[in-house]
Amino acid sequence: MTQLIIYSPTGTYEVEVAEGQNVRDALDTTEWRVRAACGGVGSCGACLVQLKSGEASPLTVSEYQRLSVEERAQGWRLSCQLRLNSDAQIYLKQLAKPSVWHSIPVADLMPPPIKFREIPEFGYGVAVDLGTTHLRVTLWNRRTGQRVASRKGLNPQESYGADVLNRLDAALRNFETAEKLSRLVRNSIIKAVRDMLAREIGEIQLMLLEIGQVMIVGNTAMLALLTGQGYADLLNPNFWQAQINCQPTNYAAWQAQWLLPHAQITVLPPVAGFVGSDLTADLVATKLCSRSTAAFLLDVGTNTEIALWTGKTLLITSVPGGSAFESVGIRNGMPAESGAILHVNQNETGLVLETINHEPARGFCGSGLVDAIAVLVATKVLKPSGRFAQSTGGEGFALIDGNPYSVIMGSDVDSFQRAKAAIASAMETLLELAKMSWYDVERLCVCGAFGRHLNIQNAQAIGLLPPISPDKVELNADASLAGCELALLSEESYALFDKITANAQTFNLSLMPDYENRYINHLLLKPIR
Amino acid sequence: MIENIIKAYNEAVYETDKEAAFDVVNSALAQGMSAEEIIFQVVIPAVEEMMSLIVKDPDANLAQHFMTAQIAAEVTEKMLLLFESPPEIIGCIVMGTAAGDLHSLGKRIVMGCLKALMVEVIDLGVNVTAEKFVDEAVAHNAQVIGISAMMVHTAMGEHGCPEVRKLLKERGLEDKIKIIVGGAPYRYDEELYKKVGADTWARDGVSAGKVIVDLIKEVKSHVTA
């Protein structure tokens with residue numbers, strides 16, 4: 001990792017650049033994108049930056065072609081060709097127009113699979129993971145098995161409520177709202193595709209004609225709102241364990257709206273009312289059901305989906321996570337972006353906070369919240385009941401004196417306790433249904449953005465994760481996108497979706513007599529026994 | 001001795017430490033206190049203390065409500081088994097979640113507190129039809145029907161509280177059976193309970209205990225008068 005400081009007319013920023021990564025790719029994962037129109041092959045010359053200090057890779061042939069002698073002498077480079085050998089400083093004269101879309105860091109994406117489909121025509125394809133908070137979209141050349149680009153942005157339905165139920169409710173009350181919610185997401189999907197085409201290929205209209213497939217996974221509620229199908233059933237408990245039909249009725253209209261006349265549109269069907277195809281995608285990507293030993297999978301989010309593979313059968317359930325695991329449910333919650341508190345540690349001098357890009361703390365992302373609560377419990381600032389040892393008078397506890405963005409509220413701890421108790425008691429219930437114990441579990445996959453930077457020991461200390469040896473815990477933050485990509489690229493993986501859906505047994509915990517007792521017992525901030 | 005027991009028990013409840021609470025109760029039994037004394041001198045005052053504290057404490061949270069109510073209910077259940085004669089019950093409530101609603105935890109807090117306050121609680125479970133609320137209330141001679149709804153569409157839904165009200169009216173039961181509602185939607189709109197035809201509502205599970213006890217007393221005085 002090298003540190004890159006960017007000076008621009010709008011301010012000074014700091015970004016980490018991975019070894020071997022070019023500067024443009026590093027900037028594309030942040031809010032400070034350079035202008036671009038060729039996909040980083042050095043042919044458009046739009047991504048100009050001026051190297052002020054630091055050691056960098058030598059000029060490439062493209063740069064000799066694009067830059068004048070004078071420009072080269074002044075240190076101007078094409079950021080897509082520029083790789084850093086040391087910490088560096090650059091001047092960025094022209095940022096691209098601010099965009100809601102960022103690239104997904106390559107480290108968070110799965111390596112492309114080796115086997116591909118035979119694609120006779122329209123060789124490009126799009127994979128979409130439709131989450132409650134975020135939308136992740138990747139563009140593929142299916143012939144070569146190459147991921148052309150990735151984009152991540154907010155789900156535009158957020159303005160109708162961070163909570164899934166609020167959005168379902170809004171749709172149910174008014175048909176026009178339902179239509180609008182569907183249209184918002186469809187617009188976002190195609191905008192992400194167009195952004196990728198514009199920046200990575202430099203050609204939109206003709207390339208749209210080359211897209212032969214759009215593959216979509218998501219939680220059931222998001223798929224229902226996307227397609228305008230089945231959202232009324234979702235609010236009816238009798239459909240909780242039933243298959244909900246989320247297939248769009250009018251593909252032709254989507255193709256027309258998206259200007260994708262050749263795209264086959266596939267919405268991978270959810271397993272049941274509150275278990276979506278994002279979970280199936282997780283299972284496909286992690287190959288959870290491939291071994292003969294027991295394995296758990298959690299997809300942590302506003303609705304946490306949980307699967308237990310016993311070695312023979314697959315048990316599935318889901319629990320409400322409230323919004324504790326999404327940035328919106330916590331006073332100072334935020335996504336894992338610049339300035340987010342990533343980790344909290346305690347040493348002799350006090351609390352040590354690590355923030356993303358070493359910016360001043362702006363709030364907590366998931367791992368920061370877990371660390372903060374664990375450290376506060378360990379240092380007895382918080383009691384296992386979730387109460388502050390010394391009343392904060394409702395003001396909360398500041399990890400950094402004087403920084404209001406570092407405050408943990410009593411209500412944050414409460415949301416977290418209830419969310420983690422729901423997960424722990426759900427896992428325990430599935431274990432008991434399978435007549436197994438924690439000792440039998442050989443693998444635990446934690447999916448969802450929440451788990452990306454999770455400190456496993458801390459998560460175990462406060463009872464979010466069960467007592468399974470940390471080396472058996474895998475953090476697979478983007479597994480549902482990876483599973484969707486596999487379905488796009490491989491016939492075999494696509495077929496797995498149906499197989500998993502057909503064989504899964506789903507359980508509604510509200511109907512399990514012992515669930516509530518378990519839940520209450522798991523509220524304390526203590527390790528799971 | 002009793003002061004120490006009360007202090008230790010209150011502390012355990014405040015810390016939501018169920019094991020500690022049971023340790024206090026067991027040692028009180030070992031020291032010769034009767035189950036009746038423990039309930040009326042230790043457990044019930046602790047529940048009442050908690051009700052007043054929770055209203056004042058800006059840091060108190062829902063997780064703690066769940067745990068304290070659970071302790072109250074479990075301790076009470078255990079003590080009731082040891083009672084020499086059946087305890088005098090204040091009255092009866094049938095409780096459930098509204099049609100279409102599976103969120104059962106809110107009513108659980110209420111039930112835990114009510115058990116400790118010597119109110120008989122008939123749990124009708126989740127997703128309860130209006131018909132069932134009324135039939136069960138009649139069958140158990142309940143003074144109150146408690147309907148919990150955590151979602152706007154179940155709080156307002158025609159098959160929830162409004163239908164219970166309609167049935168009570170049709171069957172001429174409105175003087176004998178009162179309705180209390182609770183759940184998040186009623187907090188956002190403090191007039192909502194009236195719109196759906198309930199007699200009253202409570203802001204949280206713990207304070208619902210007192211509202212329900214008062215409601216039962218009101219019905220009883222009305223019926224006997």
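What share of the contacts in chain B with a separation of 6 or more comes from residues 24 or more positions apart? The share is 76%, where a contact means two residues whose C-beta atoms, placed from the backbone, lie within 7 Å.

## About the model

This is a predicted model, in which local features need pLDDT of at least 70, side-chain atom pairs count only at pLDDT 80 or more, and totals for chains, interfaces and linings use all residues. Residues are numbered from 1 along each chain as its sequence is written, while chains are lettered from A and ligands numbered from 1 in the order in which they are written.

## Chain B on its own

Chain B has 11 helices and 5 strands; helices (H or I, at least four residues) and strands (E, at least two) are DSSP runs numbered from the N terminus. Along the principal axes, its C-alpha atoms fill a box of roughly 55 × 40 × 25 Å.

Of the 225 residues of chain B, 47% are buried, that is, with 20 or more other C-beta atoms within 10 Å of their own, C-beta atoms being placed from the backbone.

## Where chain B meets chain A

Let's turn to the contact between the chains. Chain B brings 21 residues to it and chain A brings 25 residues. On the chain B side, helix 4 (62-82), helix 5 (105-116) and helix 7 (152-156) each give two or more residues, and helix 4 of chain B gives the most, with 6 residues.

## Inside chain A

In chain A, 29 residues of domain 2 are in contact with 23 residues of domain 3.

Key. Buried ≥ 20, exposed ≤ 12 C-beta atoms within 10 Å, placed from the backbone.
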